[in-house]
Amino acid sequence: MLSCLDFCDRLYDEDCRHALAGRGPLPSDISVHLLGCAGCRLVWAEASEDLATLPVLLLEPAPAALQADLGVAVIKGMELPPALDWTAGITWAAIGAVLPALAAVAGPLPSWLAALGPLSLSLVGASFAFAANAAHESLREAIG
Amino acid sequence: MPGEAAGDLDSEKTRERELVRRCVAGDVAAQHELVRRYSALVWSLCIRAGLSPAEAEDVSQEIFWRAFQALPGFRGNSRLSTWLSTVALRRIVDHHRSPARRDIAVGAPSDPGFPLPKQPASPSPETDAELSQRRQRVRAALDGLAEPARSVLVAYYLGEIPVLEIARILRMPEGTIKTHLHRGRQTLRDHLRDLC
């Protein structure tokens, strides 16, 4: 049996959203609770009203200039410049550059690594970190 | 009836899948149709999440760019509007988090001289006045909400993004998202109550 607090939490679950919008059946736990609780019947009615009115109140047309720009972009094959987050990339590159130096301070590096020299090691570290960040961003985008 | 509504939803999903198929195949008319259908949604998500009109224009364009890149991956499991809203919310959250954004002194829409977007046209002058008044109340109430409460409310009600997905994008517990929704709704209802 749902408590009133649990009932208020359940309002935002997808099965309840569908029921509130008239797109799905009333979940059984909600149905049982509504039968015995007048206060939550009011809460349910308010939630239903909000679901119907808020999208209308929050929506407004896009400016004509934006629609025109998007129209042109479509004709050009959606060649809008992607937003590259340079800040994150540079931050990770800096971390990658500093890490080999810290590792060298912490203890002796393997001879094949030490042979590269501090500058090369930092450059390699920065490149790896920048590439890893870019790959992570691309993966996140692809997974959607 | 829920059954009829579910049937409508299914046929809408079929139409959306067809639109996406044509877009991915390079049909420019379909791509125009997608932009025409959803530009208001994307723009509203940006502007209601607290972006200035100039920022909202730039971010809206980036959202459509990202959406077109990711469109071949759309499987039709959710409505196209929800999928697009998810793409939009990710970009808006990134924008809110970017250090460049934090350095910009952006005024609130309630500030004098802040360039507000145009109101939509409605068929009846009476309805137009009432709707306009209610929109202003909602906007004022949203201005009073801090981030991420504002974006949560907009994502759930306008973008129809499920709570779990909002929680994933914002990296917050599901319960926190529900708390933001509950408090945000109460704030909006308080602002609208005087009009009823």
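Guide: The answers that follow concern a predicted model.

Visitor: What is the secondary structure of chain B?

Guide: Chain B has nine helices and zero strands. Along the sequence, the pattern reads α-α-α-α-α-α-α-α-α.

Visitor: And how many of the residues of chain B count as buried?

Guide: Of its 196 residues, 51% are counted as buried. Chain B still exposes about 9400 Å², of which carbon and sulfur atoms supply 52%.

Visitor: What share of the contacts comes from residues 24 or more positions apart?

Guide: Such pairs make up 66% of the contacts in chain B with a separation of 6 or more.

Visitor: Which domains is chain B divided into?

Guide: Domain 1 of chain B covers 2-97, and domain 2 of chain B covers 125-195. Their C-alpha centres lie 20 Å apart. In the contact, 17 residues come from domain 1 of chain B and 19 residues from domain 2 of chain B.

Visitor: How much area do the two domains bury between them?

Guide: The figure is about 1500 Å², with 62% of it on carbon and sulfur atoms. On the side of domain 1 of chain B, Arg48(B), Leu89(B) and Arg97(B) lose the most area to domain 2 of chain B, and together they account for 41% of what that side buries.

Visitor: How many salt bridges are there between these domains?

Guide: The count is two salt bridges. There are also four residue pairs in polar contact across this interface. Both α2 (28-48) and α4 (80-97) of chain B supply at least two residues of the side of domain 1 that touches domain 2. The element that gives the most to that side is α4(B), with 10 residues.

Visitor: Changing topic: how many residues of chain B are in contact with chain A?

Guide: The contact involves 55 residues of chain B and 45 residues of chain A. Between them the chains bury about 4700 Å², 60% of it on carbon and sulfur atoms.

Visitor: What is the count of salt bridges there?

Guide: Chain B and chain A have eight salt bridges between them. One of them joins Asp50(A) and Arg185(B), with the closest N and O atoms 2.7 Å apart. The same interface has 18 residue pairs in polar contact.

Visitor: Which helix of chain B gives the most to the side that touches chain A?

Guide: That is α2(B), with 11 residues.

Terms used:
Residues numbered from 1 in each chain as written. Chains lettered and ligands numbered in written order. Predicted model: local features only at pLDDT ≥ 70, side-chain atom pairs only at ≥ 80, totals over all residues. Heavy atoms only, no water. Helix = DSSP H or I, 4+ residues; strand = E, 2+ residues; numbered from the N terminus. Buried < 20%, exposed > 50% of the residue type's maximum accessible area, 1.4 Å probe, protein only. Contact = heavy atoms within 4.5 Å. Areas by Shrake-Rupley, 256 points an atom, 1.4 Å probe, with all protein chains shown as cover. Domains from an automatic or database assignment. Buried area = accessible area lost by both parts, 1.4 Å probe. Salt bridge = Lys/Arg side-chain N within 4 Å of Asp/Glu carboxyl O. Polar contact = N/O pair within 3.5 Å; in protein donor to acceptor, adjacent residues only side chain to side chain.
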